[in-house]
Amino acid sequence: MYATMIWEKDTLSILDQTKLPEKTVYITCYNYQRVKEAIAKLEVRGAPAIGAAAAFAMVLGAKEIENYSVFMDELKKIRDDLISARPTAVNLAWACHQLYNCAATCSLDISFDILIARMEDLALKIYNDDIKCNKLIGKYGAEIVPDSATLITHCNAGALATCGWGTALGVIRSAHLAKKIKMVYVDETRPLLQGARLTAYELQKENIPCTLITDNMAAWTIKTKGVNIAITGADRIALNGDAANKIGTYGLALICKAHNIPFYIAAPISTFDFTTATGADIPVEQRKGDEITKIGDKVIAPEGVATFNPSFDVTPNELITGIITEYGIIRAPYIESIKALQEKVKK
Ligand code: MRU
């Protein structure tokens, strides 16, 4: 797979996911504002990838600060500006706060260059740790994938949505290596088609058997094609296990419940929001209506029609069979299992 992003000390090159699968183009970001724009436009997308890109953006932003005497004030503005790019994926705020706190804990007498080097090391660690976490998620997740599995997934929680390997697709990749995959049904994921453009692309590139369906085919596919497990990613998981993910995930979880199929979420610790009690407190990003009234550049709806375009929905914990993390799989009762996880990681 192509690298989602490449850090080159003074620039961050971002694989433009809006152009995939037709074109493989990298955007060179020289400043944090361009990274923010890339996040807002979904040129880089997927919760862990957004987090890592923002971490590198914090380094670029820090380098741009000219007045050292107000460094932390300026860095705070950059942090908050980056966080405002997309509200739902908590990995974004998590990474920005980590970088800010790294600078805040540096003693005042170290040089600017050393401070930047420490921030850069941390951003690289966030990037590399994400790949390690995904491999572990893949390992644990592959254990619960049945032999000769027929899976369904939604959106793209793959290498492209992360720093490599993927969360839900990481599980699928690991299960494929263990020769457990018969077929993966891929929801196209309207309105921006991350399933069709990105998940189908990733799976096909690695010869993992996959079949693309439109979102409204999920129930019938599950009923008629012997789907026996669903796995998706998440953008934010509340303390009670409610999980926000790409719009349509909630519907898929309800369909799984109706057909008695296990529905799993795969996500690293950075996707847990230990400050949010329930899904009701998770901010859901609303995006422009033209994502619905158009497919690509083609207008498909009457001009001026009202639209409602929530980018995410929240799946209630009772629909989630388990959450696959780098620490293993946690299950209901989630209030207890997530508290235990929090104790373990002391995030
Ligand atoms: O709007 P997107 O494409 O950023 O939404 C991405 C998702 O919903 C993913 O499933 C989620 O971020 C998990 S990625 C490992």
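Close-up 1. A230 stands opposite F263 in β10, and strand β7 (residues 229-232) is joined to strand β10 (residues 263-266) by 3 bridges, the two running parallel; strands (E, at least two residues) and helices (H or I, at least four) are DSSP runs, numbered from the N terminus. This is a predicted model, in which local features need pLDDT of at least 70 and side-chain atom pairs count only at pLDDT 80 or more, whereas totals for chains, interfaces and linings use all residues. Residues are numbered from 1 along each chain as its sequence is written, and side-chain values use heavy atoms, with hydrogens and water left out.

**Close-up 2. The open sheet.** The order of the 7 strands is β6-β5-β4-β7-β10-β14-β15, with mixed pairing, where two strands pair if DSSP finds at least two bridges between them. β6 and β15 (328-330) are the edge strands, each pairing on one side only.

**Close-up 3. Helices α2 and α5.** Helix α2 (residues 47-64) packs with helix α5 (residues 112-144) at an angle of about 170°, their axes lying 9 Å apart; axes are lines fitted to C-alpha atoms, for helices over the stretch in contact, and angles run from 0 to 180 degrees between N-to-C directions. The two helices α2 and α5 are therefore roughly antiparallel, a term used for angles over 145 degrees.

**Close-up 4. Helix α7.** In helix α7, 9 of the 12 residues are buried, meaning under 20% relative accessible area with a 1.4 Å probe, protein chains only. Among these buried residues are R197, L198 and Y201, and just after α7, N207 takes a positive phi of about 55°.

Note on methods:
Angles under 35 degrees count as roughly parallel, over 145 as roughly antiparallel, 65 to 115 as roughly perpendicular and the rest as oblique. Buried means under 20% relative accessible area, exposed over 50%, partly exposed in between (1.4 Å probe, protein chains only).
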